[in-house]
Amino acid sequence: MRIGILDDARRAELLKRAILLGAEHEVSWLADSEAALAEQCAATVPDLVLVNVDLRSVDGLAATRQLVRDARSAVLVTVVGHADPARVFEAIGHGALDAVALNDAADVAGIAAVLLPKIAAMARWIGKSSAKGAAPASVADDRDATCHRLIAIGASAGGPAALSVVLGGLPRTLPASVVVVQHLGEDFTEGVAEWLQRNTTLEVRVAREGDRPAAGTVLVAGGNDHLILKSAGRLGYTAEPRDKIYRPSIDVFFESVCRLWRGSAVGVLLTGMGRDGAQGLHALRAQGFHTIAQDEATCAVYGMPKAAAALNAAVDILPLDRIAGRIGEAATARVRARRR
């Protein structure tokens, strides 16, 4: 995979040396200024660009937006030390696919140990974004659990910003629980929950093993395992299926809702690259649940919702600012009977 690096000269050289320890990758260019970035992108458009959003000589957020929108490159945000989580989430809001935390004191081997697995995952993500997911492993049923209304939301690139709009538009008295699966490295899941909390009156926290979805609470998938319903009323994590490119996977969670949730549900698929969530949203609609996809005009990256639209998986395809209102209408509607 061809990789570009936007960082200061010293750190860019360290990153380059770390990347080249993985023989399957090549570093196309290094840039440490806006002029250098423009010149390099005009000559070569890499598959992936590592962007330090805290680089003083460049507006990292504007660079991310430019790379995603104009150069059509995937962006991995690099964070050194204790960066402001809000800037990371804002970069993802502009279309960055993920973020990785690096230790500024680490040597080349130490950087490679953290960076290369992330790049390998990104390479599979970029190269196989049209691949269909395998069926998730079966899990135990629990028909005695209390049933109520569930809002299941999936998001990827551009997701944090989109989620803040959707969650910010939901009332504190929402008679439904909300579960969010956002593609984001485990180093940032606590931070994204705290950041989303600033923009909504609902309670937001990272989902824990054994949690029960509760009305007025937003549970965010954390870590690199898949969040699923392990019974009709309890959440948990599983490493299976291990071959999923996206971890946590939106499809895996949506499909667990199809198998085990006994109340009403609304499935929502927001901005993101690839196809994750499209098959799961289709399965939710086939079960009689209401489904919503974000429209092209308001997506930072029109990948996952586009795939859902192609499958006719969404009952509603809506601009971002109308999704919360539609969720509220669907969540308070009479519970529909599920198809068997």
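In which crossing does H8 pass H9, left-handed or right-handed?

## H8 and H9

H8 passes H9 in a left-handed crossing. A crossing gets that label if the near helix is turned anticlockwise from the far one by less than a right angle, and counts as right-handed if clockwise. This is a predicted model, where local features need pLDDT of at least 70, side-chain atom pairs count only at pLDDT 80 or more, and totals for chains, interfaces and linings use all residues. Residues are numbered from 1 along each chain as its sequence is written, and side-chain values use heavy atoms, with hydrogens and water left out.

Now for the pair itself. Helix H8 covers residues 250-260 and helix H9 covers residues 278-286; they pack at an angle of about 15 degrees, with their axes 7 Å apart. That makes H8 roughly parallel to H9. On the H8 side the contact is made by Asp251, Phe254, Glu255, Val257 and Cys258, and on the H9 side by Ala278, Gln279, Gly280, Leu281, Ala283 and Leu284. Sorted by class, this contact has 7 nonpolar, 2 polar and 2 charged residues.

Helices (H or I, at least four residues) and strands (E, at least two) are DSSP runs, numbered from the N terminus. Axes are lines fitted to C-alpha atoms, for helices over the stretch in contact, and angles run from 0 to 180 degrees between N-to-C directions. Angles under 35 degrees count as roughly parallel, over 145 as roughly antiparallel, 65 to 115 as roughly perpendicular and the rest as oblique. Contact means heavy atoms within 4.5 Å. As for classes, Ala, Val, Leu, Ile, Met, Phe, Trp, Tyr, Cys and Pro count as nonpolar, Asp, Glu, Lys and Arg as charged, and the others, Gly among them, as polar.

## H6 and H11

Next up are helix H6 (residues 159-168) and helix H11 (residues 320-331), whose axes come within 8 Å and cross at roughly 40 degrees. That makes H6 oblique to H11, and their crossing is right-handed.

From H6, Ala162, Val165 and Val166 meet Leu320, Ile323, Ala324 and Ile327 in H11. The class count for this contact is 7 nonpolar, no polar and no charged residues.

## H3 and H4

Helix H3 (residues 60-71) packs with helix H4 (residues 85-93) at an angle of about 20 degrees, and their axes are 9 Å apart. H3 and H4 are therefore roughly parallel to each other. H3 passes H4 in a right-handed crossing.

Gly60, Leu61 and Thr64 of H3 make the contact with Arg87, Glu90 and Ala91 of H4. Here the classes come out as 2 nonpolar, 2 polar and 2 charged residues.

Let's look at the backbone. The loop between strand E11 (235-238) and H8 is where you'll find Pro241, and the peptide bond from Glu240 to Pro241 is cis, with omega near -5 degrees. Pro248 lies in the loop between E11 and H8 too, and the peptide bond from Arg247 to Pro248 is cis, with omega near 0 degrees.

Asn312 is found in the loop between helix H10 (304-310) and strand E14 (316-318). Its phi is near 55 degrees, a positive value in a residue other than glycine.

## The cavity

The structure holds 1 cavity of 30 Å³ or more. On a 1 Å grid over the protein atoms alone, a cavity is a set of points where a 1.4 Å probe fits but cannot get out, and lining residues have an atom within 4 Å of a point. Grid points are joined across faces, edges and corners, and a volume is the space filled by probe spheres set on the points.

About 60 Å³ of space lies in the largest cavity. Its lining is made up of Arg11, Leu14, Leu15, Val80, Leu102, Asn103, Asp104 and Ile111. Helix H1 (residues 9-19) gives the largest share of that lining, 3 residues. By class, the lining residues divide into 5 nonpolar, 1 polar and 2 charged.

Note on methods. 1 Å grid on protein atoms, 1.4 Å probe; cavity = no way out; pocket = protein on both sides within 12 Å on 5 of 7 lines; lining within 4 Å.
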